[in-house]
Amino acid sequence: MNFIKSKLRAASSFPWIAPSVAILFTITILPTIFLFYTSLHRLRLGQPFEDRVFVGLGNFARLLNSADFIQTIQLTLFYTLACVILQFVIGFALALFFTQDDLVGRGTMVTLLVIPMSITYAISGLIWRLYFNPSHGIINRILSSTIGISPNWYGSDLAIYSAIIVDVWQWTPFVVLVMVAGLSALPKSTIEAALVDGANFFQRVRYIILPLLKPIILIVLLLRTIQVLIMPDIIFSLTEGGPGSATEILSLFIYRTGFHQTNRLGLGSAAAVILLVISIILAQILIRVMGSESKNE
Amino acid sequence: MNKSLKKAIKFIIGAGIVGAFLAPFFLMIFYSFQTRRQIFGDFELFFTPTLDNYRELIYGDFFLNNLQSSVIVVIGSVIVGLLLAVPAAYAFARYNFRGKDDLAFWILSLRMVPPIAVVIPYFLIGSFVGLIDTHIILVITFLTFNIPFAIWMLKGFFEDIPVSLEEQARVDGCSRFQAFRKIMLPLVAPGMGATAILIVIQSWNHFVYALFLTSTQARTLPTMVTRFLGFTGVAWGPMAAASFLATLPVVFFAVIFRKKLIQGLTFGAVKG
């Protein structure tokens, strides 16, 4: 029976895997090295590459000494945490709701929830811009006719909350779908045993469901954190980082510094290196969790 | 409480929650069939629909071009992605070698590289080699997420096929490649189909590379947002129509392949 297994060696697997690995190496590792290189230089977009000036860690020093960048980091932290926590809390609560046995049509309801998360992310920002329009948008029309207020969702104090609302709208369904899958896979007997023992709803969630779902919860939290950090699509199309720098999270900072406003490719690269390092750390944690998860199976 | 009353209340709450999440999508569809006056007037559930917004798009200068680019890039991504990922996924499922798990997880981690970070070197390298504003550079850069994603999806599909089937073919005198081609490929075809659909969804929706690496010739649909940036005018109808048409195919596929989508987005950690 070990006829095939006996022949399984690294050398013979090489031709199957090598093309993918070679291409991935070329399109990820090499550009990353190049990014590190440009982050050590002063370089402007549109200027010939030969005109670059080596500045060592100067770009990084400049970033860390700049109030704008510190503000961006704080905003990124706030935006990411707000999005992920809201998505998780709402998503988990909804998943508990949508897995009740006596809910008629729950299959269809869960299926329809996939619609928001599949809409092109950049376009989500675009259509919500219409809804947030302070004078004609549907949100303020409803708010002004019911409770008589019409906040300026485009304004610098509310814009970041507008972005959080769009991200939460688009991605909470993802958390719901993942948690519904996790909850449906739980052994019914454990939960029924808890019911027999007289555990109330909150005790069941706290002492049985949460511990059993811990790996999936960790994975979903990490995945969402990484995606909120690395995907600028929604904020880009909703506010473009504005007004001023009110919604300028790290990914938008890179865009505005490197390409859009000041064309400082070197400085933008340094900020990009920082984002890259953060996402590599988070990805490593995610991989640890997934690795230990697959060993437990 | 009466049992059926409780059921009815739960159903209403559930439908209300789903309705709230879908409302922004359906309102966009509404707007796309409305005239300017209808959009800015009082909300009416029943109105005389107009196709003017769609006509404006089709006779306009960008929508059909962007659509064509999107279709070309998506088809290219599916073909190249599957050609590279299918053999690799097979090897990850069937061969054992030292460092296999590390290599697989390294590939997975590439899915989490921030596009906005690597787009700077892509832009510079693309300018050096003259690939900026081509469909090819999008197909290539989209491989950074399509290959990892496809390998991890397909690996699972290959692992689900019993090894004994392949062993039988080998005993009957097939070479490994013949066994792969005649036994494994047909069995994994549905999985390849699902993977292809998910490559379509991801490539169709991708924004950052499309925005920075193209200018006129290879613009894909998500970049149309730049047409409406800083936009305060009243062209809400055409904008809604463009948004609806651009999202329709992915929404359609996502609803049909919901479970596979969740499985893919969590790298198989959730079976959906």
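In chain A, 71% of the contacts with a separation of 6 or more join residues 24 or more positions apart. Two residues are in contact if their C-beta atoms, placed from the backbone, lie within 7 Å. The structure is a predicted model, in which local features need pLDDT of at least 70, side-chain atom pairs count only at pLDDT 80 or more, and totals for chains, interfaces and linings use all residues. Residues are numbered from 1 along each chain as its sequence is written, while chains are lettered from A and ligands numbered from 1 in the order in which they are written.

Chain A holds 13 helices and two strands. Helices (H or I, at least four residues) and strands (E, at least two) are DSSP runs, numbered from the N terminus. The C-alpha trace of chain A spans about 75 × 75 × 30 Å along its principal axes. Of its 297 residues, 43% are buried. A residue is buried if 20 or more other C-beta atoms lie within 10 Å of its own, exposed if 12 or fewer, and partly exposed in between; the C-beta atoms are placed from the backbone.

Phe132(A) lies in helix 6 of chain A. Phe132(A) counts as buried because it has 24 C-beta neighbours inside 10 Å. Beyond its neighbours within four places in sequence, Phe132(A) is in contact with Gly137(A), Ile139(A), Trp153(A), Tyr154(A) and Ser162(A). The C-alpha atoms of Phe132(A) and Trp153(A) are separated by 5.8 Å, although the two are 21 residues apart along the chain.

Chain B has 12 helices and zero strands. In chain B, 49% of the 272 residues count as buried. Residues 24 or more positions apart make up 79% of the contacts with a separation of 6 or more in chain B. The C-alpha atoms of chain B fill a box of roughly 75 × 70 × 30 Å, taken along the principal axes. Its radius of gyration is 23 Å, whereas a compact globule of 272 residues would have one near 19 Å. The radius is taken over C-alpha atoms, and the globule rule is 2.2 Å times the number of residues to the power 0.38.

Within chain B, helix 9 (residues 176-205) packs against helix 11 at an angle of about 145°, with the axes 10 Å apart. Axes are lines fitted to C-alpha atoms, for helices over the stretch in contact, and angles run from 0 to 180 degrees between N-to-C directions. Ile197(B), Val200(B), Ile201(B), Trp204(B) and Asn205(B) in helix 9 of chain B meet Pro249(B), Val250(B), Phe253(B) and Ala254(B) in helix 11 of chain B. This contact has eight nonpolar, one polar and no charged residues. Ala, Val, Leu, Ile, Met, Phe, Trp, Tyr, Cys and Pro count as nonpolar, Asp, Glu, Lys and Arg as charged, and the others, Gly among them, as polar.

The two chains also meet. In chain B, 78 residues are in contact with 84 residues of chain A. Helix 1 (residues 3-32) of chain B gives the most to the side of chain B that touches chain A, with 12 residues. That side divides into 60 nonpolar, 10 polar and eight charged residues.
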